[in-house]
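Reader: I would like to learn how to read a structure like this one, step by step. Could we go through it together?

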Amino acid sequence: MSLLDRAIVRLLPAVPKPVVQLFSSRYIAGPTLADAVEVVRRLNAGGKLATIDVLGEEIAREEEARAIAQAYRDVFAAIDRHGLDCNVSVKLTALGLGLSYELCRENLESVVREAASHGNFVRIDMEDSSTTDDTLRLYRELREAGHDNVGVVLQAYLRRTLGDVRALADLRPNVRLCKGIYVEPPSLAYTDAEAVRASFVRALDALLDAGAYVGIATHDEWLIGEALRLVSRYGLGRDGYELQMLLGVREERADELVAEGHRLRVYVPFGEHWYGYSLRRLQENPAMAGTIARATAGRVLRLVR
Ligand SMILES: Cc1cc2nc3c(=O)[nH]c(=O)nc-3n(C[C@H](O)[C@H](O)[C@H](O)COP(=O)(O)OP(=O)(O)OC[C@H]3O[C@@H](n4cnc5c(N)ncnc54)[C@H](O)[C@@H]3O)c2cc1C
């Protein structure tokens, strides 16, 4: 995206919520668990795996965090009931990290235990850099407490990530590797697109070298190519890694990758707290700057007429 396009998409928070909701509906299964089940059923029928995210990052009270943990327990029951090939992704702020570390740990552990009782798996998403240390600490605590059905996310744009790979290596971690989406200062994160790509490849190489199972989460064609070259250099078969994409993004490419024989998991968010997630997706849609510019120009023209 050009600098101008990036400046335009940063104006998205000024766009009325109903308009944001309209543009972002392709990225979200819907408000209810039944909506998510329907989407996952369709994905599974097309040979894709899924991971369900209960949207909830804007929560502010302990009861809300506990309700999100309960919602995840309901998700596992639904996955079993409908025979879906699907795990879950959780955001620690939705489980109360912003309120207290202990509350979050309690909620996360309850979700991980419930997952284990269903033979299922929990991925801890990575949020902005103020949460990185706590997220990695919680991941280590859970693994050291004997929970093996849990994985974490590392963000290639963070300068610290290669160090985090090395620090996690003793756990033979299960890691989703992505570029990273939050706005971070240059002191913490690479801002140049090529530097982020290079960091992604370095981190993936280091993870595979450490024997990690990696969910390679990108829609970037160049990175997909590099990643597939790396997994083949490490001699990994179909079950040794997976590709991951977001609901509503590059779906035809996902179909091709599945047809080529790769395991591919789609991230399926659902729930009432759709706003923050939607803004991030729209901000990284390359077509969005033009859409906003046209919509704004249309409004201005109507005003001056
Ligand atoms: C499964 C999954 C889980 C993720 N989890 C996290 C997480 O826990 N923490 C975190 O910080 N980030 C997460 N991300 C987001 C990630 O960090 C990136 O912001 C996002 O994937 C875009 O980067 P990219 O590698 O696809 O490359 P980009 O260069 O952004 O995109 C490559 C191409 O994909 C297409 N594309 C990408 N996004 C869109 C869109 N919204 N709409 C339409 N087309 C699009 C465009 O054609 C674009 O040129 C996750 C991403 C995925 C796929």
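**Reading burial and helices**

Author: Ala45 counts as exposed because it has 8 C-beta neighbours inside 10 Å; a residue is exposed if 12 or fewer other C-beta atoms lie within 10 Å of its own, buried if 20 or more do, and partly exposed in between, with C-beta atoms placed from the backbone. This is a predicted model, in which local features need pLDDT of at least 70 and side-chain atom pairs count only at pLDDT 80 or more, while totals for chains, interfaces and linings use all residues. Residues are numbered from 1 along each chain as its sequence is written.

Reader: Where is the place of Ala45?

Author: Ala45 belongs to helix H3 (residues 33-45), where helices (H or I, at least four residues) and strands (E, at least two) are DSSP runs numbered from the N terminus. From Ala45 to Glu57 there are 12 residues in sequence and 30 Å in space, C-alpha to C-alpha.

Reader: Which residues are buried in H5?

Author: An α-helix has 3.6 residues a turn, so residues three or four places apart point the same way. In H5 the buried residues are Cys104, Asn107, Leu108, Val111, Val112, Glu114 and Ala115. Seen down the axis of H5, these fall within an arc of 160°, so they line one face of the helix; the arc is that of the directions from the helix axis to the C-beta atoms. On the other side of H5, Glu102 and Ser117 are exposed.

Reader: What do the buried residues of H5 pack against?

Author: They pack against helix H4 (62-81), strand S2 (86-90), strand S3 (122-124), helix H6 (132-144) and S4, where two residues are in contact if their C-beta atoms, placed from the backbone, lie within 7 Å.

Reader: Which residues of H6 are buried, then?

Author: In H6, Thr132, Thr135, Leu138, Tyr139 and Leu142 are buried. They cover an arc of only 135° around the axis, which puts them on the same side of H6, whereas the face turned away from that side carries the exposed residues Asp133, Arg137 and Glu144. The buried residues of H6 pack against H5, S3 and S4.

Reader: How many residues surround the ligand?

Author: The ligand is surrounded by 24 residues, and the closest are Asp125, Ile181, Thr218, His219 and Asn285; a residue is near a molecule if its C-beta atom, placed from the backbone, lies within 6 Å of it. Strand S7 (241-246) is one of the strands that each supply at least two residues of this shell, and S7 gives the most, with three residues.
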